[in-house]
Amino acid sequence: MLTNGKSGKDELNDETLNRFSGELLRASEAGEAEISTAAASPFLYRRIRVRIEAEERRIAQQRGAWLSLLTGVKHAIPALLAFAVVAVASLMLTPSHSQQWPAASVGNEEPPTLLLDVFSFSQDELIASAAGVEAGQPGNGGGTK
Amino acid sequence: MKERIAERPQASIAAPAAKASLGMGEVETPAGTNDDMSAETTPEMTDDELVAAARTGDESAFSRLFERHRRLVSRLGYRFFPRRDQVEEIIQESFIKAYFALDDYQGGGEKSFVSWLARIAVRTCYDELRRTRRRGESSIGDLSEDEAAYLHERLRDLSAGGNVEGAAISRDLANKLLARLRPDDRMVLALLKLEELSIAEISNLTGWTTAKVKMRSHRAQRGLRQLLRKLL
């Protein structure tokens, strides 16, 4: 139901426009003759076959490229394997620096610097010092007084 | 047109019947094929049987499928493209895609070859519509002053109570106007209004969800009204 006023006018417009839209769509339709002519276009199937064959060739070439790559990789596998074995073996046989350090440092260990003075006394001096008696020359203030 | 895209029982797609329904008479034999192919594939073979034969590399089986269904693809192509060269390109592209997708075709029952091929053709049309729009081939959508004036006059006649037949417009002009719609909008409109397909059928053909098809349908109709309103 159409009413007066703006909404009614809009409704009428929409209805009209819908009708015209329908006509527009129908007008865009092709005739049967045109459809048949395009479908029966000469050499259409031939062109399809040519494109299919070209596509098949392209796919085959791509596959060939992958296969040749895989073949190359396959040939390289023994060489790579040998290289890997040599690398692992050389790593295992060569002693590393981190392993050398502790062994070398045990024998050559030096006394800490703070104890150097202590170790410079002889055993007698130390005993004398502990007993409060001078064992060396008189007047020498090496012990505790 | 609806029957052509909708599912059909395989038995009814036997070659003689299909040939008659295509109404193409003597032009049915595709160029580049010879008569001895009929010795390999009998005319009574169903689409599924032909697909099975084509899968094994039988070229004549695929040419028979092409013969049977090229008109369907041509009709679909003309729904979206006005020029013959464009439609021929759609036919070629659709059949090439179909050829390479034969292994995916499951056949039988609801998934008949016709609907399967129609799906491929519709998607090919959609891709081409988008490509055309991306390339900026919008010259066809540009109306000349005369054409705009003509349309304006027709619309005024119609809004003044004139009948639709009286406001007949040319196909060229209609295509120019429809070319202004977005590809997906135009796709939905054509399938909905011209093919008279349901939302579910369009969803099946395009691969879109039904909600998306409904939304596109509303948007397309609104877009077309807006387009026409500008001319009023």
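I began with the secondary structure of chain A, which comes to six helices and zero strands, where helices (H or I, at least four residues) and strands (E, at least two) are DSSP runs numbered from the N terminus. Read from the N terminus on, the order of its elements is α-α-α-α-α-α. I noted that this is a predicted model, in which local features need pLDDT of at least 70 and side-chain atom pairs count only at pLDDT 80 or more, while totals for chains, interfaces and linings use all residues. Residues are numbered from 1 along each chain as its sequence is written, and chains are lettered from A and ligands numbered from 1 in the order in which they are written.

I then looked up burial in chain A and found that buried residues make up 12% of its 145 residues. A residue is buried if 20 or more other C-beta atoms, placed from the backbone, lie within 10 Å of its own, exposed if 12 or fewer, and partly exposed in between.

Next I turned to the interface, where 33 residues of chain A are in contact with 43 residues of chain B, contact being C-beta atoms, placed from the backbone, within 7 Å. On the side of chain A that touches chain B, the elements giving two or more residues are α1 (6-27), α2 (32-39) and α3 (44-93) of chain A, and the largest share, twelve residues, comes from α1(A). By class, that side divides into 16 nonpolar, seven polar and ten charged residues, with Ala, Val, Leu, Ile, Met, Phe, Trp, Tyr, Cys and Pro taken as nonpolar, Asp, Glu, Lys and Arg as charged, and the others, Gly among them, as polar.

In chain B I followed helix α10 (residues 183-194), whose twelve residues reach 16 Å from the first C-alpha to the last, close to the 16 Å expected at 1.5 Å a residue; the expected span is 1.5 Å times one less than the number of residues. Among the buried residues of α10(B) are Met187(B), Val188(B), Leu191(B) and Leu192(B).

I checked the packing of α10(B) against helix α11 (residues 199-206) of chain B and found that their axes come within 10 Å and cross at roughly 130 degrees, the axes being lines fitted to C-alpha atoms, for helices over the stretch in contact, with angles from 0 to 180 degrees between N-to-C directions. The contact is made by Met187(B), Val188(B), Leu191(B) and Leu192(B) of α10(B) with Ile202(B), Leu205(B) and Thr206(B) of α11(B), and by class it has six nonpolar, one polar and no charged residues.

Phe43(A), in the loop between α2 and α3 of chain A, has a positive phi near 65 degrees and counts as exposed, with 12 C-beta neighbours inside 10 Å. Glu196(B), in the loop between α10 and α11 of chain B, has a positive phi of about 55 degrees and likewise counts as exposed, with 11 C-beta neighbours inside 10 Å.

Methods. Contact = placed C-beta atoms within 7 Å.
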